Amino acid sequence: TQAGASSSHILNGGTLQFNLASANYAVTTVLTFTADSTIGNLGQQVNLNGTLNGNNRVLTVDNGASTNTLYFNGAFGSALSQVNIVSGIVGEDGSTGTPLRNAAIAISSGAAFGTYNNITVNNNFTLNGGAGANGNGVLQNQGAGAATYSGTINLNSGNSSIGTAGGNISMTNVVSGGGSLT
């Protein structure tokens, strides 16, 4: 799919992998899950726009060794039951909606979740330690806007770090579990 182009895809348990050479690549698509599926980004930053119809399926994000962000923008990611970030960085821009809606998000050690603009993230998170894919935190604010996490944060295991490149990060709900937070 080329920048600015629209497309439609159905994932039935497969993997949709991006490996693009240009930075800040915008992809507008309608993506429908009929089974638990995987999305990954091996190349430069990708900004997903459009619609992801999750149908109460699980989204796994596997960006391999890439430290570039796979951004979910607008309303991309409705009706997902769970989001598992196993590698790389997943981000929410937050400027035009609430992507990934209220799906529970589990972050593996070595992976990260980032925000950019002023955003309130309603999801419940499970953190499994580490400093994130780029060493800037498992939860990271990549922009100047403030990020508020209003869901619960479960520190499942290990020491999970938080980092910011500009704006503040606030947690307004319960933070608990056997792990630690720095």
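Contact is defined here as heavy atoms within 4.5 Å. By this criterion, residues 24 or more positions apart account for 43% of the contacts in the protein with a separation of 6 or more. The structure is a predicted model, in which local features need pLDDT of at least 70 and side-chain atom pairs count only at pLDDT 80 or more, whereas totals for chains, interfaces and linings use all residues. Residues are numbered from 1 along each chain as its sequence is written, and side-chain values use heavy atoms, with hydrogens and water left out.

The protein has zero helices and 19 strands, where helices (H or I, at least four residues) and strands (E, at least two) are DSSP runs numbered from the N terminus. Its radius of gyration, taken over C-alpha atoms, is 15 Å, close to the 16 Å given for 182 residues by the globule rule, so the protein is as compact as a globular protein of that length. The globule rule is 2.2 Å times the number of residues to the power 0.38. Along the principal axes, the C-alpha trace spans about 40 × 30 × 30 Å. The accessible surface, computed by the Shrake-Rupley method with a 1.4 Å probe, comes to about 7,300 Å², and 45% of this belongs to carbon and sulfur atoms. Of the 182 residues, 45% count as buried; buried means under 20% relative accessible area, exposed over 50%, and partly exposed in between (1.4 Å probe, protein chains only).

Strands of a sheet pair through backbone hydrogen bonds, either parallel or antiparallel. Two strands are treated as paired if DSSP finds at least two bridges between them. A parallel series can be followed from strand E5 onwards. Three bridges join E5 to E6 in the parallel sense, with valine 46 opposite leucine 70 in E6. E6 in turn pairs with strand E7 (residues 78-92) over four parallel bridges, and tyrosine 71 stands opposite glycine 91 in E7. Four bridges, again parallel, connect E7 and strand E8 (residues 104-107); here alanine 104 in E8 is the bridge partner of glutamine 82. E8 runs parallel to strand E11 (residues 125-127), to which it is joined by three bridges, and isoleucine 105 faces phenylalanine 125 in E11 as its opposite residue.

An open sheet is formed by three strands in the order E10-E13-E17, with parallel pairing. Its edge strands, E10 (119-121) and E17 (169-171), each pair on one side only. Between E13 (residues 147-149) and E17 there are three bridges, and alanine 147 stands opposite isoleucine 169 in E17.

The largest nonpolar core has 36 residues, and those with the most contacts inside it are Phe72, Ile107, Phe113 and Phe125. Strand E5 (residues 46-62) gives the most to this core, with five residues. A nonpolar core is a set of buried Ala, Val, Leu, Ile, Met, Phe, Trp, Tyr and Cys residues joined through side-chain atoms within 4.5 Å. Leaving aside neighbours within four places in sequence, the contacts of phenylalanine 72 include Leu48, Leu52, Leu59, Val61, Val90 and Leu100. Both faces of strand E6 (residues 69-72) are covered, with Thr69 and Tyr71 buried on one side and Leu70 and Phe72 on the other.

Strand E5 also contains asparagine 55 and asparagine 56. Asparagine 55 has a positive phi of about 50 degrees although it is not a glycine, and this residue is partly exposed, with a relative accessible area of 41%. For asparagine 56, phi is near 55 degrees, likewise a positive value in a residue other than glycine; at 58% relative accessibility, asparagine 56 counts as exposed.
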